[in-house]
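Student: Please show me how to read the features of a protein model, step by step.

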Amino acid sequence: MATSEESRVSRFIPDPKTVAIVGCPFSGGQTKAGVDKGPIHLVDAGLPEQLAHLGWKVLFDGHHQFEEISAANDPPIGKLKNPRMVSKVCQAVAKQVGEHAKRGELPLTLGGDHSLAMGTISGTFEKYPDACVVWVDAHADINTPDTTDSGNIHGMPVSFLLGIGTKVPEFAWVKPVLKPNRIVYIGLRDVDAGEKRILKENGIKAFSMHEVDKYGIGKVVEMALDHVNPNRDRPIHLSFDVDALDPSVAPSTGTPVRGGLTFREGHYICETIYETGCLVAVDIMEVNPFLSDADSVKQTVAVGCSLVRSALGETLL
């Protein structure tokens, strides 16, 4: 049984199976302080050691500091806040993730805000151009520079990866690697009017909490995978924003929305994607230790760690 379990991840990740932790203490894609501390808390909670216990060779040589990239002299471009800093950081992350993927390692990116997915997914697609993305989130993060109200770029990474909306020269390095039929959402429940229009116009498949309630998480995950990966032979990039979970489960996040995934529903998604044998990259985003009391922070960090463990092979039995 153990051999079978271990072989599931080896479709794209060679033995010895190696996970490379990319710690990204970055908050420039939104305005609330503290999300840059999320990765540090996840690592300090023992995540590298936990993954080693699951049989992974773990590479982690410290968090990215991004000290050479400053928000100074970075005025808005249109509504976009911190555009040059976000672009430079995401480009650096894309390079790092791409290098790990090309070496046959599984990049595990700890955010930080979800603007970083511009970099992580760009890096994954350098190695796996036929990959697909499972995006687990309360929000679609598909606003464009034209539709955004806030100007916070953590609400826009998918539009940049799809190449839709007004082109911003500072983000010219972001190639439209993602096709509308290669991304699927699970857990949406707070979607702007402009985003709803974009999803419909592009035929992007999204399973909101309505579908989770209607069909149950097992059927939803099956339908989601059938859409982006019908033969279960494409590499999968899992991008998981902890605000997909109900705030009672993961309270320490920047944009909590009631009515989210339960603890088990979130973990079931991760477990099932691991079982496909197709997982090649994972993001865990938007843990913010500054936004709650100490117990809530501890709870959210523990959930973040357990989601990663489930995505990398931990089972209940």
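Tutor: Let's begin with a term: a helix is a DSSP run of H or I with at least four residues, and helices are numbered from the N terminus. Keep in mind that this model is predicted.

Student: Which residue just after H10 takes a positive phi?

Tutor: That is Gly277, with a phi of about 75°.

Student: How far apart are the end C-alpha atoms of H10?

Tutor: They are 19 Å apart. Helix H10 covers residues 263-275, and at 1.5 Å a residue its 13 residues should span 18 Å, so the two values agree.

Student: Which residues in H10 are buried?

Tutor: Among them are Glu265, Gly266, His267, Ile269 and Cys270. Buried here means under 20% relative accessible area.

Student: How is a pair of aromatic rings described?

Tutor: By the distance of the centres and the angle of the planes. This structure holds 3 such pairs. In one of them, Trp135 and Tyr185 sit edge-to-face, 6.4 Å centre to centre with 65° between the planes.

Student: What does that pair tie together?

Tutor: Trp135 is in strand S4 and Tyr185 in strand S5, so the pair links parts 50 residues apart in sequence. Trp135 is buried, with a relative accessible area of 0%, and Tyr185 is buried at 0% too.

Notes
Residues numbered from 1 in each chain as written. Predicted model: local features only at pLDDT ≥ 70, side-chain atom pairs only at ≥ 80, totals over all residues. Heavy atoms only, no water. Phe/Tyr/Trp six-rings, centres within 6.5 Å; stacked < 30°, edge-to-face > 60°. Helix = DSSP H or I, 4+ residues; strand = E, 2+ residues; numbered from the N terminus. Buried < 20%, exposed > 50% of the residue type's maximum accessible area, 1.4 Å probe, protein only. Expected span 1.5 Å × (residues − 1).
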